[in-house]
Structures are given as structure tokens and as C-alpha cells.
Amino acid sequence: MVRIIPMASSIRPSLSSLRFSGASSRCAFSLSSFNPSRRHVSFNLGSGIAPVTPPFSYSICLSVFSPRVFLLPLLNFTLGTLGTVLRFTAVPQTQLFGLKASRLFRGDGNSMTMAGAGNVAQASTTTTPENALEWVKQDKRRMLHVVYRVGDMDRTIKFYTECLGMKLLRKRDIPEERYTNAFLGYGPEDSHFVIELTYNYGVDKYDIGTAFGHFGVAVEDVGKAVELIKAKGGKVTREPGPVKGGNTVIAFIEDPDGYKFELLERGPTPEPLCQVMLRVGDLDRSINFYEKAFGMELLRKRDNPEYKYTIAMLGYGPEDKSAVLELTYNYGVTEYDKGNGYAQIAIGTDDVYKTAEAIKLVGGKITREPGPLPGINTKITACLDPDGWKSVFVDNVDFLKELE
């Protein structure tokens, strides 16, 4: 009898029996029981098994079927058989991307990789780029918020609410970690793209760098908005007028920390906080990454040779109804200074595990493996794009629970 002991779990799954036979060794594994009170899973070594001979390594894990799919935490152990080595590898059921029956058993001479059928054990198989990227397109994604650091939280909140017409949605202080967050925007977080400000105790200034561009805010009358901002003591860095190479009336202002906001003249829109502009060193490379790894759609691309720059708009919906990412390539510039002010964009997803797998397949760098955050259990994963811009994907269901 081999016992595999969970580190901790309150899962009450329903397990059916699993049998596997290796032709060359006439061996069998049979799942005999799961005892919630004793918290162990038992496997009987069936007849015909060769004597246990270390040090062959086995890593067995169950993908448990339950209303919320969990990966039962198990310990590794060592076994050995004569002639055949069985390798079981752990993978959550949510990561399988359509595992086919023909891929359940794979062998190469004296070794075999096995995946259990039914609702008991699922072993990993090679995730194909086609399956992963197709899932990305179907995932329910939305830009949730953009995060950056400020030197005076109250001063910034006052500017955004009085000059830009935003609402303070919530504020939280974390004294044990010495920082404060504030969320501001033009509507509730469960349906609008918002700003998350971070104030770190004792830090009153940040370097914005040259890579971050601006945030975009849609207004019905840019001229009136600029006059209000001036009356409130705000800094206007570009007076209202048509955009270079276009007809849209715009203006630029700066907040108290030096972050730029582009005011764009538009009709009524459900998403006034409408853009985040970042500079990149290779626009085509970035477009390819955001389309495949993030599932964004290229909404439009415009080259302005007179002013030596090209922009691309990407997002999860049309520009006039949702927030978008504006990527800017300046001719001949491949690297920028990111400073330490701007942090990241957060994006909602139905599955952070599949998201991380897809990002890896496209060549993205995962900086935080998918899993729950300590204390609040919200599942996230974080990554960097080819230019080093950070994004965090947040589980949609967990995000809504956090808002509650």
C-alpha cells in the first residue's frame, strides 16, 4: 500500500476507480479509496507488480472533479519496477486544453506516460499552441484597471475628482505593508476600466521615465474641460486642437505627479477612461504578442511618416465603447527608460492557469506563476511583454468576490 498524503485540503471529491497496465511489466495501479477524515488517497499495487526498488521517482497527482476544480496537493514519492518506469505528472483539469483520448498513453521503450480517464486522474500532455491560442480568443477578458504610484494620495485624488470628474470608488490602507491604494474612475469596477493609485509610505516622488506615454480620457468638449482644469490650477501642456495627422480635437494635461492625460473630444461614451499609451521598440512584434498571448484585437494601425511615428490600437472591444491599449513606435527608437512610477495593467480572465500557459507558448515571460494571492485567495498570474511592460491577469470570479 502506498499512501499519498495531501498537505492540506477540505475538498470532498467523488473519485472513481482507475486502473493502468503496462504491457511489458504486467503491472497495475488501482485507486482504492479516498477517506476525507484521514485525508489520504490509497493506491493498491496490483498482482504482477515487480518488487519496489528505489530510486525511481514518481510524482503522482489527482485532478479532482468538483464544482470548483482544484489540484489536490500531494507529496512525491519513489518507487521502482523492473523494466517499466511510470511517470505521472500533475496538471489541473483546467489546463488540459482538450486532451484527446489518443494522447492518454504515450510510450518510448521502457518508459510510459499515463493520463487517467474519467474524473479521477489527469496527467499532463503537451499543450498545443493551436488549442491554447484558440482558448485565448474565447476567454472572457476585459481591461480592469491600470496601476501606478503617486507621491501624495490625497493631492492626486483631489485633482482627479475635481479636474477630471472621476469618482473615488474605494480606498484601502495596508499599514503592515506600508502602502495605500485608491481606486478612481467613471463607473463601478465590475463594469468599467479604472485607475488604481498606490502610495508607498514615505515615498513622495517617482521617475516616470520616457517609455510611458499617457492615459486617455474622452470628453464631449475639450475646450471646456481645459478651462476647468486651468481654473483648478491644473497644468495644460498642449492646448486644444486637432491631433497631428488627424482631425480629432485633443489636449494634454499633467497631474501633480507628472503623468500625462490626453483629452479626446468624443460624443457620450460608456468608458471615458479610454486609453493607456505605452511606447515599444518593435511594433509588429508587440502586435503579434498582444493578439496571440492576450487575445486582443488590432483595432487600427496608423503610420505618420511626417512625424516619424506609428501607432496601433488594441483591445477587447471598439474604441468608443471600451478601454484600449495604444502602442507607439517612434522611428529608430528601440529602447526606453521605464522609470519606477508606472506599474501595470490588470486584465480579467476565466482561467489564470490557461492564460499563463498561452503566454509561455508565445514566448512571454511569466513573473508570477498562476495561483491565489495570500490572504484573499484571488487567483492571478503576471507576465512581461517583449518590451518588459508588466500585466497581471485576475480570475474573473475572484475579482467580483473581492469587490464584494
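This is a predicted model: local features need pLDDT of at least 70, side-chain atom pairs count only at pLDDT 80 or more; totals for chains, interfaces and linings use all residues.
Residues are numbered from 1 along each chain as its sequence is written, and side-chain values use heavy atoms, with hydrogens and water left out.

**Stop one: a ring pair**

Rings of Phe, Tyr and Trp (its six-membered ring) count as a pair if their centres lie within 6.5 Å; planes under 30 degrees apart are stacked, over 60 edge-to-face, and the rest tilted. The model has 16 aromatic pairs by this rule. Tyr160 and Phe261 have ring centres 5.4 Å apart and planes at 70 degrees, so they are edge-to-face. Now colour by secondary structure: Tyr160 is in helix α2 (residues 153–162) and Phe261 is in strand β19 (residues 260–265), so the pair ties together parts 101 residues apart in sequence. Helices (H or I, at least four residues) and strands (E, at least two) are DSSP runs, numbered from the N terminus.

**Stop two: another pair**

Pick Phe294 and Phe393 next. Their ring centres are 4.9 Å apart and their planes are at 75 degrees, so this pair is edge-to-face. Phe294 is buried, with a relative accessible area of 1%, and Phe393 is buried at 0%.

**Stop three: the core**

Which residues have the most contacts inside the largest nonpolar core? They are Tyr148, Tyr160, Phe261, Leu263 and Phe294, in a core of 56 residues. Such a core is a set of buried Ala, Val, Leu, Ile, Met, Phe, Trp, Tyr and Cys residues joined through side-chain atoms within 4.5 Å. A second, separate core has 7 residues, including Leu144 and Phe399.

**Stop four: a charge over a ring**

Show Lys338 and Trp389: the charged end of Lys338 sits over the Trp389 ring, 5.0 Å from its centre. The rule is NZ of Lys or CZ of Arg within 6 Å of the ring centre and within 35 degrees of the ring normal.

**Last stop: Glu262**

Go back to strand β19 and click Glu262. An unreviewed UniProt entry places the feature "active site" here; UniProt positions are given in the numbering used here, feature names are shortened, and annotations may be inferred rather than shown by experiment. Is Glu262 buried or exposed? Glu262 counts as buried, at 6% relative accessibility. Leaving aside neighbours within four places in sequence, Glu262 is in contact (heavy atoms within 4.5 Å) with residues including His214, Gln275 and Glu326.

Definitions and conventions
Buried means under 20% relative accessible area, exposed over 50%, partly exposed in between (1.4 Å probe, protein chains only).
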